[in-house]
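The sequence and structure come first.

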Amino acid sequence: MYDHMKWMKGIRSILLYGLIIAILIFGLKWLEWKFLIVDHTIDIYIGLIAIVFTMLGVWVATQLIQTKTQTVIVEKKIIVPQAKEFTVNEPALRRLGLTHREYEVLQLIAEGHSNSDIANQLFLSLSTIKTHASNLYSKMNVKNRYQAITEAKKMEIIE
């Protein structure tokens, strides 16, 4: 039993010395880190700032690259007028003073025919068609086919 107590006392001593050495080593390491930090404070701050700005740059880049599409559904009531049967505005036609042949030429121009096509269709010469078209333009106060068609549609004398 005496040996056993001696042996226990020896183990206690070893553990106590081990604990003291561990505390001393911990203290020395802590002092070493403390001096390391004090000696290299600027380097550590620069490194931390570099890490923060790198993460910020990565975040900004991902925000810029992301597509910013958004689907928006708009419901709008659209009133579609019922197709009415076209009737020629006779008073406007009389006001223009177009002859029957000039009116025929205007209708064929509106259908997209060329002067030579109109001449063939009406069995007239090309110069006669040009004369009718010229008279038509002057009576309608326009300069070309497009303006004549637009004005005639406004006046409701052609479809």
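The buried residues of helix 5 pack against helix 4, helix 6 and helix 7, where contact means heavy atoms within 4.5 Å and buried means under 20% relative accessible area, exposed over 50% and partly exposed in between, with a 1.4 Å probe and protein chains only. Helices (H or I, at least four residues) and strands (E, at least two) are DSSP runs numbered from the N terminus. The model is predicted: local features need pLDDT of at least 70 and side-chain atom pairs pLDDT 80 or more, while totals for chains, interfaces and linings use all residues. Residues are numbered from 1 along each chain as its sequence is written, and side-chain values use heavy atoms, with hydrogens and water left out.

Ile 118, Ala 119 and Leu 122 are buried in helix 5. They cover an arc of only 100 degrees around the axis, which puts them on the same side of helix 5; the arc is that of the directions from the helix axis to the C-beta atoms. After helix 5 comes Phe 123, with a positive phi near 55 degrees.

Helix 5 (residues 115–122) packs with helix 6 at an angle of about 110 degrees, the axes being 9 Å apart. Axes are lines fitted to C-alpha atoms, for helices over the stretch in contact, and angles run from 0 to 180 degrees between N-to-C directions. Helix 5 and helix 6 are therefore roughly perpendicular to each other, a class that covers 65 to 115 degrees; under 35 counts as roughly parallel, over 145 as roughly antiparallel and the rest as oblique. The residues that make this contact are tabulated below.

| Helix | Residues in the contact |
|---|---|
| Helix 5 | Asn 115, Ser 116, Ile 118, Ala 119, Leu 122 |
| Helix 6 | Leu 126, Ile 129, Lys 130 |

In helix 7 (residues 145–155), the buried residues are Ala 148, Ile 149, Ala 152 and Met 155. Seen down the axis of helix 7, they fall within an arc of 130 degrees, so they line one face of the helix. Tyr 146 and Lys 154 are exposed on the other side of helix 7. The buried residues of helix 7 pack against helix 3 (90–96), helix 4 (100–110) and helix 6 (126–140).

Glu 102 lies in helix 4 and is buried, with a relative accessible area of 3%. The side chains of Glu 102 and Lys 139 are joined by a polar contact of 2.9 Å, that is, a pair of N or O atoms within 3.5 Å; within protein, one must be able to donate a hydrogen and the other to accept it, and residues adjacent in sequence count only if both atoms are side-chain atoms.
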